[in-house]
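Let us walk through a protein structure together, one step at a time. Keep the picture open beside you as you read.

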Amino acid sequence: MLAGLAPDGGLYVPEQWPRLADATMLALRGASYREIAHAVMAPFVQGSLPSAELQRMIDDAYRGFNHPAVTPLVQLDANHWLLQLFHGPTLAFKDVAMQLLVRLLDFSLERRSRNATLICATSGDTGGAAVEAFKLSRHCSLFVLHPRGRVSEVQRRQMTTVHSPSVHNLAIEGNFDDCQSIVKSLFNDADFRARVSLSGVNSINWARLVAQAVYYVFAGLSLGAPARSVSFCVPTGNFGNVFAGYVAKMLGLPVERLIVATNANDILDRVISTARYERAGVTPTMSPSMDIEVSSNFERILFDASRRNPAVVRKLMSQLAKTGSFALPQVLHAAIVRKFSSGRTDEQATLSTIRTTFASSGELLDPHTAVAYAVARNAPSGSAPMVTLATAHPAKFPDAVQKGSGIRPELPPPMTGLMARTEHFEVLPNDPHAVRKHILSRI
């Protein structure tokens, strides 16, 4: 957790997957979200974090959510549900992990009498959630890189209107993949990394994914697991959120299908459908948090699908860096397709889904959720209940929601006045040297 990215540039995964026995899951049916969170996360921290301390941090993290269930389920039709993940302080699913991560990091750093410099690339929601979580951190300085002009105004202001000596917002002249490339470059600079005690809060940080696996287990138990399987459709660009569903499955949750939903930036749909992972440029869309071309967490499923062979992952990622693409070997592609299916939604279908869903159910969907709901409705029907992950409050993307539904959603009362607050951020070129120099001048 403290390192974020491994020293060789790879990502951390567990040496082995712990399992939640059916008896344990049966005992958790009807338990609170906080109790389920402790049961899911405890095996991953055993020996390094006291059980009571973990529960205290979980209770503290979710006290500020505005729904008692933390991530409630809402039924849309006979066999389709929304898992609402936007009841945290910044109205996005990133809050679920980030509010816990700051507590885990501060606890670990305090125990070691250390401070850390955190760096974060964001396509919108990660940055806001990180800023809100770390603005009062006792041991962390946070630098958030967002692509200038490529996040919604609400997303940008959630980052740039928070005034804290611990938080630094950087608008990069480029796209999200450029921001992510800069982050990787800084992590790969061993001298800089050691000098500033660098760590990360993107979903490359393993602790983020463990915390996100909880809401899959929570939803599954609510719908009858372990006696009944459940399927999930997940809007994703970086593969982190859907990989958290895979973590839940490896823990023992009976998952029938994990569906990857993409917008026009469909590299994940293409690789699952055709076995070819190929960069094709990023197209700005009304679901900007998914406007991503290089999905960093895809490395993790490559590792598991190749029967944990690091040489296979190194070869494929080297090909991507050199040529901008790679082709999955047939055996590896078959292993991934057994675990995941996928679909793509264009802009017109996204708007249509917002409109028809509101007309039929009264539920307003943000454009990311609409992408996933459209994919889920077009997927072959199965016996298991389908859960679409609602990753953001519709008021975070009012223009798209209004265009689709005719209704302009309002921000909840705690965010009243957001659009009038003063912003603070620095504009920097798409250059890791400029970002490195800026960080050194501020810490």
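In which helix is the place of Leu 440? Leu 440 sits in helix α18, which covers residues 432–442. Before we look around that residue, please keep in mind that this is a predicted model. Leu 440 has a relative accessible area of 29%, so it counts as partly exposed; the label "buried" is kept for residues under 20%. What does Leu 440 touch, if we leave aside its neighbours within four places in sequence? Its contacts are then Phe 192, Arg 195 and Val 196.

Now step back and take in the whole chain. It contains 18 helices and 13 strands. How does the chain agree with the idea of a compact globule? For 443 residues, such a globule would have a radius of gyration near 22 Å, and the chain has 20 Å, which agrees.

Of the 443 residues, 62% are buried. The chain exposes about 17,100 Å², and 50% of that area is supplied by carbon and sulfur atoms. As for charge, there are 44 positive and 36 negative side chains, and the centres of these two sets lie 4 Å apart. Contacts tell us how the chain comes together: among those with a separation of 6 or more, 77% are between residues 24 or more positions apart.

Let us visit a buried residue next. Val 40 belongs to helix α2, residues 33–45. With a relative accessible area of 1%, Val 40 is buried, because the value is under the 20% limit. Leaving aside neighbours within four places in sequence, Val 40 is in contact with Leu 20, Val 210, Val 214, Val 217 and Leu 251. Ser 361, by comparison, is 321 residues from Val 40 along the chain, with 33 Å between their C-alpha atoms.

Leu 26 gives another view. This residue is in helix α1, residues 22–28, and its relative accessible area of 48% makes it partly exposed. From Leu 26 to Leu 302 there are 276 residues in sequence and 32 Å in space, C-alpha to C-alpha.

Aromatic rings are our next stop. The structure holds 14 aromatic pairs. One of them joins Tyr 216 and Phe 232: their ring centres are 4.8 Å apart and their planes meet at 70°, so the pair is edge-to-face. The cut-off behind that name is an angle over 60 degrees. This pair links distant parts of the chain, since Tyr 216 is in helix α9 (residues 206–222) and Phe 232 is in strand β7 (residues 230–235), 16 residues apart. Are these two residues buried or exposed? Tyr 216 has 0% relative accessibility and so counts as buried, and Phe 232, also at 0%, counts as buried. Elsewhere, ring pairs link a cluster whose members include Trp 17, Phe 44, Trp 206, Phe 239 and Tyr 246.

Finally, look at the backbone. Most residues other than glycine have a negative phi, and most peptide bonds are trans. With that in mind, which two residues are joined by a cis peptide bond? They are Ala 225 and Pro 226, with omega at about 5°. Pro 226 lies in the loop between α9 and β7.

Val 70 has a phi near 70° although it is not a glycine. Its place is the loop between α3 (51–62) and β1 (73–77), and at 2% relative accessible area Val 70 is buried. Arg 308, another residue other than glycine, has a positive phi near 60°. You can find Arg 308 in the loop between α12 (298–305) and α13 (310–323). With a relative accessible area of 24%, Arg 308 is partly exposed.

How values were computed:
Residues are numbered from 1 along each chain as its sequence is written. This is a predicted model: local features need pLDDT of at least 70, side-chain atom pairs count only at pLDDT 80 or more; totals for chains, interfaces and linings use all residues. Side-chain values use heavy atoms; hydrogens and water are left out. Helices (H or I, at least four residues) and strands (E, at least two) are DSSP runs, numbered from the N terminus. The radius of gyration is taken over C-alpha atoms; the globule rule is 2.2 Å times the number of residues to the power 0.38. Buried means under 20% relative accessible area, exposed over 50%, partly exposed in between (1.4 Å probe, protein chains only). Contact means heavy atoms within 4.5 Å. Accessible areas come from the Shrake-Rupley method with a 1.4 Å probe; for residues, only the protein chains shown count as cover. Lys and Arg count as positive and Asp and Glu as negative; His and the chain ends are not counted. The place of a charge is taken as NZ of Lys, CZ of Arg, CG of Asp or CD of Glu. Rings of Phe, Tyr and Trp (its six-membered ring) pair if their centres lie within 6.5 Å; planes under 30 degrees apart count as stacked, over 60 as edge-to-face and the rest as tilted.
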